[in-house]
Amino acid sequence: MENNSEKITIYVMGKKHMVPEDLTIMKAMEYSGHQFTRGAGCRGGYCGACATLYRKKGSYKLEGALACQKIVEDGMYIAQIPFSPAEKKTYILDEIKPEAATILEYYPEVSRCLACNTCTKACPQDIMVMDYVQASLRGDITQAAKLSFDCISCGLCAVRCPAEIVPYNVSQLARRLYAKYIDGPSEHVLERVKEVEEGVYDQDIKELMTASKETLAERYNTREIDLNE
Amino acid sequence: MSSFRSTSVLRLHPENKVFNERIKELSGEEIDLCFQCGACSSGCPMTQEMDYLPSKIIRMTQLGLDEALDSGTIWVCTTCFNCEVSCPRGIDVANVMESLRQLVLRKKYDRVSLDELTPEELRELPPIAIISNQRKLTG
Amino acid sequence: MTKLAYYPGCTLKTTAKNFDDSTVASAKALGIELVEPERWNCCGTVHALAKDDVMHHLAPVRNMLRVQEMNSEGQVDSKEMITLCAMCYNTLKRSNQTFNEDSDKKQKIQDIMFKEEATYSGSVEVKHFLETLKEMGWDKVKEAVKTPLTGLKVAPYYGCLLLRPRGIGIDDTDNPRIIEDLFEALGAEVVNFAYKQKCCGSYNTVHMKEVVGDLAHKILKQAKDGGADILATACPLCEYNLGPRQEQVKVQYPSFDSIPVVYFTQLMSLAFGLGDEAMAFEANRPDPRPLLREKGLLEE
């Protein structure tokens, strides 16, 4: 890989590397010889697999980022957090209600929230994590679901929480409750499902299934993307 | 309870000064002012559940005896501040109880666990009960 | 309408919704609009007593910052933050005091709260709704009464945190009058009883319900022996320990007869004639409605 950009210094798990200044943390790590076997996924900021903690030179602040999104800075100390240990509770959505008691039954540790806001500070998606944890504690499922909409479950909030809460699991429960009981079914999805069931897309799918690799590549490369949609 | 019972002369031994000072620092209370009138104990609603009366706990801290940390008393105190309003020496006994609890809780000890509550209890108990229970009795 | 910032707290939004509803309605009947902040968090329920504890002041201070913001945006008419739950009141009031008196802690709290857009100045005044009523004057309360609570013997139950510690309580620690004065204004007969300031067992209800059963029995029996028909409280934890926990009392004391326990604002809503939605008695256990019907205060 050739790169003529200015080189800066980063520290990966304490080891010094010189990397081009315009790379993301993930690319910079690969540039410096690391290979990701865990802690990398979509590389587009959607999957939440590449959670990273870092400190910048001259600052005491511990910050969170997605390695595939954050551009390296000079003197960055980096550690990957590919996984956060957490138990996701099993529940039957039809049998639970959108209320505080449900949250407390499955994730009673939300009652330990200190409102310290450390989760919000750690969130690479700029979500008001503490606010949605607090909203779920008082049974405001709508607010909890809306505030947490951009969550990709990277786990940084859970790693940093002094009350040992796993906020992203709580918000997933809140969003599921919101979708099922408060927001209601979404009409355009129902319409599309009906079309699928009626076989409207059968011919298109068949075409794709039997197309050659070259045809597929050609179609992908010339596809239309409507950015306004 | 060995040193508490075997100490023939009740006074602050030099080796116990550290604990005495630590409690003063953490509670912010002038525990040495206590003259054992027992007003705190007489007003306390929880004494029947306690192994040592609150006034006795204060005496133990005056003498720097860290056996106070092993007492059941510190865990049944509800921080109702009855002792605080009764004390003629202006000591907030509830603060002393809190500092003793904190010293134990800060050593990775939890008195209660959310894991022990049934789903029914978690649904039924008001948030205020669960939150305060966790705040006071876990580290 | 006077607009005042209102901090309900978690429990008033969940198991004590009847406290919330009856408060907002009865305040309105007195010309006060209680405005809830758009964002708020749990106050932590208990004050951080350990002198080196900064972390637990963050939650209360953050809420006071929210009220300060409401103030600077002109959403409310005063610097007051009205609370109802006795535990919220105590925690917020004490943290506010700590924040204003301890410059070292103040600095640390502000440093940790760097993500907030504004900085809390310490200017908010934490108040209990009962204090607002007292300042307004009991005559004003009397004027709003449509159905005087004639013949209803009410035992005011203060519990701990409305009155203690010294310097924080809303009334005289030994001889409080504030709830008594309210009920006299509402036309009820006030029953004085020795255990009105005794602890209900508080958070021990989670893991030591037998202990709470004992304490609740003592308090309720005292009130009944004094002739009370009903207890009125200002704390959702007291309400739970003295109300729903009566089932536990009956297990320990089989001859115990139940007695209703309600929030003082529910009886205000009854006296002001604000309707079922405001009174919300259906959420109380034991059900106070048979008693209130018997007294001719509620329609069948």
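How much area do chain B and chain C bury between them, and what percentage of it lies on carbon and sulfur atoms? In this predicted model, the area buried between chain B and chain C is about 3,600 Å², with carbon and sulfur atoms accounting for 61% of that area. The contact involves 42 residues of chain B and 44 residues of chain C. Polar contacts, counted where both residues have pLDDT 80 or more, join 16 residue pairs across chain B and chain C, and the count of salt bridges between these chains is 3; among them is the pairing of the side chains of C:Asp52 and B:Arg106, at 2.8 Å from N to O. On the side of chain B that touches chain C, at least two residues each come from helices H2 (17-27), H5 (73-76), H6 (82-86), H7 (93-105) and H9 (127-137), and H9(B) gives the most, with 10 residues. By class, this side of chain B comprises 21 nonpolar, 11 polar and 10 charged residues.

Between chain C and chain A, 16 residues of chain C are in contact with 16 residues of chain A, and the buried area is about 1,500 Å², of which 61% comes from carbon and sulfur atoms. Within chain C, the most area is lost to chain A by C:Arg39, C:Met55 and C:Lys115, which together give 30% of what that side buries. C:Arg39 also meets A:Asp131 in a side-chain salt bridge of 2.7 Å, N to O, and the count of salt bridges between chain C and chain A is 1. Polar contacts between chain C and chain A number 6 residue pairs, both residues being at pLDDT 80 or more. Helix H2 (residues 58-72) of chain C, with 3 residues, gives the most to the side that touches chain A, and this side of chain C divides into 8 nonpolar, 3 polar and 5 charged residues.

Methods. Residues are numbered from 1 along each chain as its sequence is written. Chains are lettered from A and ligands numbered from 1 in the order in which they are written. This is a predicted model: local features need pLDDT of at least 70, side-chain atom pairs count only at pLDDT 80 or more; totals for chains, interfaces and linings use all residues. Side-chain values use heavy atoms; hydrogens and water are left out. Contact means heavy atoms within 4.5 Å. Buried area is the accessible area (1.4 Å probe) that two parts lose on being put together, summed over both. A salt bridge is a side-chain nitrogen of Lys or Arg within 4 Å of a carboxyl oxygen of Asp or Glu. A polar contact is a pair of N or O atoms within 3.5 Å; within protein, one must be able to donate a hydrogen and the other to accept it, and residues adjacent in sequence count only if both atoms are side-chain atoms. Helices (H or I, at least four residues) and strands (E, at least two) are DSSP runs, numbered from the N terminus. Ala, Val, Leu, Ile, Met, Phe, Trp, Tyr, Cys and Pro count as nonpolar, Asp, Glu, Lys and Arg as charged, and the others, Gly among them, as polar.
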